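This report describes selected features of the structure shown below, with the cut-offs behind each term.

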Amino acid sequence: MKTFGVTIHSTGRYVPDNEVYNETLTHWMETSDEWIRKRTGIKKRHLSTGEDTSDLCIRASQAALSKQKIDVSQIGLVIVATMTPDSQSPSVASKVQAAIKAENAVAFDLSAACSGFIYGLSAAEKMLRHMSHPYALVIGGEVMSKTLDWSDRKTSVLFGDGAGAVLLKRDGDTEAFIAEDLHTDGGKGSALVSGEQEVTNPVCARDAKNGFLTMDGRAIFNFVTKSIPNSITQVVKKGSIDLEEVDFFLLHQANARIIEIVSKKIDRPLSKFPMNIENYGNTSAASLPILLDESIENGTIRLGSGQTIVLSAFGGGLTWGTLLIKI
Amino acid sequence: MTTFEQIQEIIVDQLDKEESEVQLDTNFRDELEADSLDLFQIINDIEDEFDIKIESEEGLNTVKDLVDYVEKQKEAK
């Protein structure tokens, strides 16, 4: 059987228009611009004034589709990575499928918190090799602001809303996906919890939970600063290349300080780590596709150039994963 | 190398300070302007260096606090 390569064909992003600077947060809670910037690198984030996750995902998908004119009936798969879906059913992916009229696509959501986009790409590239249609859309989209406790200054200042989309194409010649390193450590899952729902029914009357996001900052910090350098080193080894051959490392934009630590630990210059956290905050599953789309738009990364890129993310679950791609 | 010297080296390296600035009675939050993420990193490095576990950073304010904590953990092993 002939094996087909899967490549990244197009990318797009969308964030709500409404920008909220750190200064505005100081009116809502006891915090300061300096405190937030120094510890996280964040200057502002986009917060939804009513658009839900599907609205953002649809706009990001349309942006990706507008750059490469394709027949949408040739899209066989739509995956939305999100931890903030509009509803449990229908999925966000179903709504995207309807909006873009990808009538032949199988559509489902994938839940892996901030690592969701990496897991989604990994799943999509494998499924696409066995599907009859040649295109797949992988989207990371979040309205994190609806899961935040806005009286908790430790978590609410960190996150933002947005969506990014990547259109994958199966074709005969080139292969983008070189190696991957994916992990889950469910034993540490309580370090980041969001959207909890209590069992309440006629035989079990418990108080409803608020479902707000809670995070053990030190536990997450320790996990990330140990596991991500290791995961990057592993994926490069699996791909039989040296770290020096990687053109850019695109890391989940959770905290600029964490990215600096990873850069130090794997001994690669910070200039190899494109960052945009200052403008978006942590957009969870949306952070990597937004960063990828921006990096392509500003010419740092060029589709079809053969550049070697590492994509790496980490988050609730706990989940983490790294992909080595030739773009 | 004494425990103090090992911890001093970790702090000097993490916070980019001179050895003379990191003494037993130095308060790393006030005098070295270390924030919570700096402290997490210092604690991580100490845990790796001495093969111990530091459960909470609460009550750890000076270099001596860290040295005492590590000494106690080493004795308990």
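## Strand 7 of chain A

Nine of the eleven residues of strand 7 (residues 161-171) of chain A are buried, so this strand is largely enclosed by the rest of the structure. A residue is buried if 20 or more other C-beta atoms, placed from the backbone, lie within 10 Å of its own C-beta atom. Strands (E, at least two residues) and helices (H or I, at least four) are DSSP runs numbered from the N terminus.

Strand 7 of chain A pairs in the antiparallel sense with strand 1 (residues 5-14) over nine bridges, and Gly164(A) is the bridge partner of Arg13(A). Strand 6 (residues 135-143) of chain A also pairs with strand 7 in the antiparallel sense over nine bridges; here Ala163(A) is the bridge partner of Gly141(A). Pairing requires at least two DSSP bridges between two strands.

## Basis of the model

This is a predicted model, in which local features need pLDDT of at least 70 and side-chain atom pairs count only at pLDDT 80 or more, while totals for chains, interfaces and linings use all residues. Residues are numbered from 1 along each chain as its sequence is written, and chains are lettered from A and ligands numbered from 1 in the order in which they are written.

## Chain B

Chain B has three helices and zero strands, in the pattern α-α-α along the sequence. The radius of gyration of chain B, taken over C-alpha atoms, is 11 Å, close to the 11 Å from the globule rule (2.2 Å times the number of residues to the power 0.38) for 77 residues, so chain B is as compact as a globular protein of that length. Of these 77 residues, 19% count as buried.

How values were computed:
A residue is buried if 20 or more other C-beta atoms lie within 10 Å of its own, exposed if 12 or fewer, and partly exposed in between; C-beta atoms are placed from the backbone.
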